Amino acid sequence: MQRKKNGLINNVNAKIKDVSGKKIKCSSPGCIKSKDGAMLMEKKEILNRWSEYVEDLFKDDRCKNPKIKKKIEGQIILKEEVEAEIKKMENGKATGPDNIPVEIIKALDNLGINLTTKLFNAIYDSGTIPEDLCQSVSIVLPTVQGATECELHRTISLMSHFTKILLRVLMHRMRKSIRPEIPQKQFGFMPDKGTRNTIFIMSMLMERCIELQKDIHLFFIDYSKAFDKVRHVELFRMIEKLDIDGKDLRVIRNLYWNQTASVRIEGEHSDFKPVKRGVRQGCVMSPDLFNLYSEIILRNLDGFSGLKINGENLNNLRYEDDTLLIAESGKQLQKLLDTVVLKRRPTLEATRLVMANLKD
């Protein structure tokens, strides 16, 4: 009886909304505040605010397409490479701007593989990437209950599955050159490593220092939106120095310099805005590219003293964008921090001193 009553009430509410023409004006993650703090209720205004936020977040004064100094050459993309990457794609994933699910590509079997290979080689040879493959659509989720500011939302980026397959092929070609550049101090996005390894290493270090009655000074650095603030020009210069074919470099350059992003709210999209900085969210290559970007900068710490372990000097540990500086004295720690701030000033916006001068 109660169920019928509830159903009747819901039906009446739905009829009232239809007759009155009243609809929910807020987006799925909630109403959003404008830059000046005014609450936005209309969907069009909310979409415009998100478009403005995306533009500000990824704004940069980068130059136009940098010239590639290497010869524009590279090995043809093989059908076997494309087939292997298509098989690795998971079903049930959300589609990008082209609305083509990966299940359709798989269902086409050999025809789909052949057509995809032909498309990729056309892109690879010309360097021209279709507009749909350069676009990404973001879904926003609030990080706290009742969030009304764009900064308090997490974005989940959706891109074309064809883009993902192409980048998977290039990633496996480039990884042999990128991975050797990443040291053992980095535990994020690396095979057979994780947070457990870093926690275990830090526990052992502190236990040994206590046992030997030795001081250890630690400084934890928390970067604000580190992945979104990677400078494209600097990243491209780093990649160009590696043993990577010119055609591979051209595809990566054109993708990064032509990419645009939009936000989707209840099936409607904000205007696409250029993405001028940051590694691509959801891209399989982004972890390796970010590790490379971070590593090249933090190599400036190699000459500074840290803790001596089995004859090796350890002055930092890293997990993705989280960095831990390690030193035996406050002076040494300050030198490390000054070097990091100097070299990473564009991205270093927030640091936290978690513990210092740890003693027995």
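**Briefing: a predicted protein chain**

Of the 360 residues in the protein chain, 45% are buried, where buried means under 20% relative accessible area, exposed over 50% and partly exposed in between, with a 1.4 Å probe and protein chains only. This is a predicted model, in which local features need pLDDT of at least 70 and side-chain atom pairs count only at pLDDT 80 or more, while totals for chains, interfaces and linings use all residues. Residues are numbered from 1 along each chain as its sequence is written, and side-chain values use heavy atoms, with hydrogens and water left out.

**Overall build**

- The protein chain has 12 helices and 13 strands; these are DSSP runs numbered from the N terminus, with helices being H or I of at least four residues and strands E of at least two.
- Among contacts between residues at least 6 apart in sequence, 73% join residues at least 24 apart, a contact being heavy atoms within 4.5 Å.
- The chain exposes about 19,900 Å², and carbon and sulfur atoms supply 52% of that area; accessible areas come from the Shrake-Rupley method with a 1.4 Å probe, and for residues only the protein chains shown count as cover.

**Aromatic pairs**

- The structure holds 4 aromatic pairs. Rings of Phe, Tyr and Trp (its six-membered ring) pair if their centres lie within 6.5 Å; planes under 30 degrees apart count as stacked, over 60 as edge-to-face and the rest as tilted.
- The ring centres of W50 and Y53 are 5.6 Å apart and the planes stand at 85°, so this pair is edge-to-face. W50 and Y53 are 3 residues apart in helix α2 (residues 43–57), which separates them by about one helical turn. Both W50 and Y53 are buried.
- F236 and W257 also form an edge-to-face pair, because their ring centres are 6.2 Å apart and their planes are at 75°. This pair links distant parts of the chain, with F236 in helix α9 (residues 232–240) and W257 in helix α10 (residues 246–258), 21 residues apart. Both F236 and W257 are buried.
- F189, F227 and F290 are linked into a cluster by ring pairs.

**Charges over rings**

- R173 lies over the face of Y124, 5.4 Å from the ring centre. A charge sits over a ring if NZ of Lys or CZ of Arg is within 6 Å of the ring centre and within 35 degrees of the ring normal.
- K193 has its charged end over the ring of F187, at 4.9 Å from the centre.

**Cysteines**

- The structure holds 0 disulfides, a disulfide being a pair of cysteine sulfur atoms within 2.5 Å.
- C134 counts as buried because its relative accessibility is 3%.
- C209 is buried, with a relative accessible area of 7%.
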